[in-house]
Amino acid sequence: MSDGRDVQAVIVGAGPAGIRAAQTLAAAGLRPIVLDEAPRAGGQIYRQPPPNFRRGPRELYGFEHRKASRLHAAMRSLASDVDYRPGSLVWNCENGVLDVLRDGSNHTVGYTHLILATGATDRVLPFPGWTTPGVYTLGGAQVALKFQGCGIGQRVAFMGTGPLLYLVAYQYAKAGARVAAVLDTARTADGWAALPGMLRSPSLVAKGFYTMAWLRLHGVPMYRGVRPDHVVGRERVTGVVCRRDDATGSQPLRIACDALGYGLGLRAETQLAGLAGCSFAYHPRDRAWLPERDPAGRSSAPGVYLAGDGAGIAGADAAELAGERAALALLEDIGRPVDAARVRRLDRGLARQQRLRNALERAFPFPEDWPASLDDGVVLCRCEEITVGLLREAARTHGAAELNRGKALTRVGMGRCQGRMCGAAAAEVLAQASGLPLPDVGRLRPQPPVKPIPVHLFSAVNGEAAADTGMQAAP
């Protein structure tokens with residue numbers, strides 16, 4: 001059994017999964033390093049505002065304000081028991097060493113055991129005008145409200161699908177913004193079909209019905225079964241036009257707005273898992289290649305564990321359970337005793353959350369018809385200004401039936417975001433153009449940096465700095 005002195009545990013991410021993992025390791029006597037890209041712990045869903053912000057937890061987090069407050073308090077209580085490093089962007093992982101951008105310089109952090117709790121970001125598909133100023137992701141709109149205390153516009157429309165769509169619209173309306181409309185790509189029949197599965201969590205169903213009823217009572221129009229046609233406006237959004245299928249055929253729906261929040265559910269942030277050597281497998285429910293893990297969170301790479309939405313979208317409650325479970329797996333692997341009854345409760349809880357997630361995917365399905373409806377001129381990769389038509393041509397003319405081949409021929413996914421924002425859409429377009437099932441086009445191979453960093457930092461890397469158990473600036 002290890003006494004912990006030969007163990008350097010590092011946690012990437014301080015959302016629900018990362019906080020619970022840190023709490024569990026600290027309770028066992030370890031002192032993990034927690035690397036958090038944000039300035040304060042909480043992750044995206046429980047993002048904390050800057051100090052002296054005037055809105056309270058109930059206003060910021062709504063129904064989840066007690067959970068948010070508990071997590072924030074838990075992290076504060078760990079101040080002397082963990083090495084918490086906010087403002088740390090982990091951009092590479094190789095041979096047991098993390099490259100980290102902090103305070104404008106590159107640092108290295110060595111680890112023997114690594115828990116990746118990297119979370120998720122919005123999944124978006126392109127449509128005409130989606131790059132117009134004033135179009136934001138749903139997550140971006142939420143960050144503006146939670147962290148900066150402002151809205152993305154004065155008359156805002158929200159479009160896409162998933163629980164986040166209604167939550168952000170509700171949060172904006174509660175904050176006093178004028179919500180022009182909620183435009184859901186899912187159909188009413190989808191919700192009713194999923195209801196039996198969602199009744200496993202009556203509180204979740206009640207919250208959903210309450211949110212929708214509140215929006216209706218406050219005059220917010222809500223439409224289901226829509227598909228975006230185009231954004232109106234050149235220098236700035238002035239409206240959005242959608243198609244709505246009903247008994248009389250496809251009807252145009254025009255919504256006047258000065259901003260649009262948009263997203264089609266969430267996408268797991270898996271780049272670091274790929275760089276850490278984890279094996280991946282295709283998951284039909286998520287329509288994505290995800291790192292393989294056992295029920296405890298162990299990946300295929302020795303000493304690397306996965307927790308939270310970064311390993312597959314399941315929500316904040318599941319992330320808390322998964323963070324604790326991954327930490328217990330780590331403790332088991334170094335020979336520390338763990339509470340077997342607690343492990344069984346966590347495993348049962350995670351299984352319930354997965355069943356609930358299946359029901360939510362049924363209620364808010366991915367619009368599989370979307371890629372075929374796109375015009376060739378629509379921008380697919382905004383970093384490199386690559387259009388849908390260019391990728392289709394690579395598939396049909398040059399036989400680029402695999403995503404990395406399409407990347408090599410068109411530069412899609414080679415920009416600042418390294419395919420984080422366009423990769424899912426590129427896979428959908430390439431599969432449609434090639435006539436192949438989505439899994440067959442593969443996934444983009446991760447390349448460092450996984451997020452943009454200053455170019456001058458590359459001269460400080462290349463193995464010149466020796467990693468240790470702390471964080472040191474590379475020469």
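Predicted model: local features only at pLDDT ≥ 70, side-chain atom pairs only at ≥ 80, totals over all residues.
Figure 1. Residues are numbered from 1 along each chain as its sequence is written, and side-chain values use heavy atoms, with hydrogens and water left out. Helix α10 itself covers residues 340–363, and its 24 residues reach 35 Å from first C-alpha to last, close to the 34 Å expected at 1.5 Å a residue (the expected span is 1.5 Å times one less than the number of residues). Helices (H or I, at least four residues) and strands (E, at least two) are DSSP runs numbered from the N terminus.

**Figure 2. Helix α9 and its residue Leu-321.** Of the 18 residues of α9, 14 are buried, so the helix is largely enclosed by the rest of the structure. Setting aside residues up to four places away in sequence, Leu-321 touches Leu-346, Gly-349, Leu-350 and Gln-353 (contact means heavy atoms within 4.5 Å). Asn-358 is another matter: it is 37 residues from Leu-321 in sequence and 17 Å away in space, C-alpha to C-alpha. Just after α9 comes Gly-335, with a positive phi of about 85°.

**Figure 3. Helix α5 and its packing partners.** Twelve residues, 163–174, make up α5, which reaches 17 Å from first C-alpha to last, close to the expected 16 Å. Leu-165, Tyr-166, Val-168, Ala-169, Tyr-170, Gln-171, Tyr-172 and Ala-173 are the buried ones here. Helices α2 (57–61), α4 (138–148) and α7 (202–217) are among the elements that the buried residues of α5 pack against, and so are strands β10 (155–161), β11 (178–184) and β12 (222–224). Gly-176 follows the helix, and its phi is positive, near 105°.

**Figure 4. Ile-11 in strand β1.** Ile-11 lies in β1, which runs over residues 9–12, and counts as buried at 0% relative accessibility. Leaving out neighbours within four places in sequence, the contacts of Ile-11 are Gly-18, Ala-21, Ala-22, Leu-25, Pro-32, Ile-33, Val-34, Leu-35 and Ile-115. Tyr-84 is 73 residues away from Ile-11 in sequence, yet 9.5 Å off in space, C-alpha to C-alpha.

**Figure 5. Stepping back to the chain around these close-ups.** The protein chain comes to 13 helices and 23 strands. Its radius of gyration is 22 Å, close to the 23 Å that the globule rule gives for 475 residues, so the chain is as compact as a globular protein of that length (the radius is taken over C-alpha atoms, and the rule is 2.2 Å times the number of residues to the power 0.38). Buried residues make up 53% of the 475. Among contacts between residues at least 6 apart in sequence, 67% join residues at least 24 apart.

Terms used: Buried < 20%, exposed > 50% of the residue type's maximum accessible area, 1.4 Å probe, protein only.
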